[in-house]
Amino acid sequence: MKTTFSYLLFIVLGCYLSNAQSPTETLVVTDTSAVVDNKYREDQFYISVTYNLLEKKPDGVSQSGFSSGYHFGFIRDMPINKRRNLAIGVGLGFSSNSYNQTLLISEGNNGFEYSVLNDNETEYSKNKFTTYLIEFPIEFRWRTSTATDYDFWRIYAGVKFGYVIYNSSKFNSNEGDIRLSSIDDFNTFQYGLTFSAGYSDISFHLYYGLNEIFNGDALLNGQSIDMNSVRIGLMFYIL
């Protein structure tokens, strides 16, 4: 009898515990699915590929071939309203920009010299200069994102400050090559306006340089070289 009673008690307790656990488990699942981060940020890594243009070129200077730029970095997002669709973004990145053109940079007795290449007089396969920068973007950001929507429209506008950590110039021809680096005539500090607009992970991107690529020591026929940079391309954002 004692054995039978123990067996029946074991079955009753088992059924009770089984029924008591079900609501608890359902509640946990429901609570977990209901969690929404209302303090979300759009912190983002970015990668950009651009086509680089030169504005205010001196007479006779033209671009040839494809001048490319590659950019990547991270932007910290700081929302400024309750809905969190407005924010300030501050970032740190790296940029490499090449410019294929007809301005020849050479080294003379009194420093670096500049001249314009004439295709009818000089046969060459490459003439370009390249800058490598540490960049600091600051953006005012508008977007349609929510805490649960990761595909949204965005418009980001701001400024970007750049510090040139290295530069180089390459000229290749059948008669000889000229390779220079750490040219003092480049402006070390460069800055410009930025604009990005798009949907989901991909945006159109524009950078317009507000100061010259070269400083006042770079002269072509006695005149300063006042070229500035314009970059047009695509920006990819990674959350």
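Colleague: Which residue in β10 is the bridge partner of Ser196?

Modeller: The partner is His205. Bear in mind that this is a predicted model.

Colleague: What makes β9 and β10 a pair of strands?

Modeller: Pairing takes at least two bridges between the strands. Eight bridges join β9 to β10, so the two count as paired. They run antiparallel. Their hairpin has two residues between the strands, and Ser200 there takes a positive phi near 60 degrees.

Colleague: How many bridges join β7 to β9?

Modeller: Eleven, and these strands also run antiparallel. One example is Lys160, whose bridge partner in β9 is Gly192.

Colleague: Why is the pair of Tyr156 and Tyr237 called edge-to-face?

Modeller: Ring centres must lie within 6.5 Å for a pair, and planes over 60 degrees apart count as edge-to-face. Tyr156 lies in strand β7 (residues 153–173) and Tyr237 in strand β13 (residues 228–238), so the pair ties together parts that are 81 residues apart in sequence. Both tyrosines, Tyr156 and Tyr237, are buried.

Colleague: Why is the pair of Phe186 and Phe214 called tilted?

Modeller: Planes under 30 degrees apart would be stacked and over 60 edge-to-face, with the rest tilted. The planes of Phe186 and Phe214 stand at 35 degrees, with the ring centres 4.6 Å apart, so this pair is tilted. Phe186 is in the loop between β8 (176–181) and β9 (189–199), while Phe214 is in the loop between β10 (202–209) and β11 (219–220), 28 residues apart. Both Phe186 and Phe214 are buried.

Colleague: Which residues form one aromatic cluster with Phe186 and Phe214?

Modeller: Tyr99, Tyr114 and Phe129 belong to that cluster with them. The count of aromatic pairs comes to 14.

Colleague: What sits over the ring of Tyr207?

Modeller: The charged end of Arg231, 4.1 Å from the ring centre. The distance cut-off for this label is 6 Å, so 4.1 Å falls within it. Arg141 likewise lies over the face of Tyr156, at 4.1 Å from the ring centre.

Colleague: How do you know that Asn127 is buried?

Modeller: Buried means under 20% relative accessible area. Asn127 has 3%, so it is buried. Its place is in strand β6 (residues 124–143).

Colleague: What does the side chain of Asn127 reach at 2.8 Å?

Modeller: The backbone oxygen of Gln101. The backbone oxygen of Leu103 lies 3.0 Å from a polar atom of the Asn127 side chain. The cut-off for a polar contact is 3.5 Å, so both distances fall within it. Leaving aside residues up to four places away in sequence, Asn127 touches several others, including Tyr99, Leu117, Lys170 and Phe171.

Colleague: Is Leu133 buried or exposed?

Modeller: Buried: its relative accessible area is 1%, and the limit is under 20%. Leu133 is also placed in strand β6.

Colleague: Where does Gly93 stand relative to Leu133?

Modeller: Gly93 is 40 residues away along the chain, and the C-alpha atoms of the two are separated by 8.4 Å. Leu133 touches Gly93, and among its other contacts beyond four places in sequence are Phe94, Tyr163, Val164 and Gln190.

Definitions and conventions: Residues are numbered from 1 along each chain as its sequence is written. This is a predicted model: local features need pLDDT of at least 70, side-chain atom pairs count only at pLDDT 80 or more; totals for chains, interfaces and linings use all residues. Side-chain values use heavy atoms; hydrogens and water are left out. Rings of Phe, Tyr and Trp (its six-membered ring) pair if their centres lie within 6.5 Å; planes under 30 degrees apart count as stacked, over 60 as edge-to-face and the rest as tilted. Helices (H or I, at least four residues) and strands (E, at least two) are DSSP runs, numbered from the N terminus. Buried means under 20% relative accessible area, exposed over 50%, partly exposed in between (1.4 Å probe, protein chains only). A charge sits over a ring if NZ of Lys or CZ of Arg is within 6 Å of the ring centre and within 35 degrees of the ring normal. A polar contact is a pair of N or O atoms within 3.5 Å; within protein, one must be able to donate a hydrogen and the other to accept it, and residues adjacent in sequence count only if both atoms are side-chain atoms. Contact means heavy atoms within 4.5 Å.
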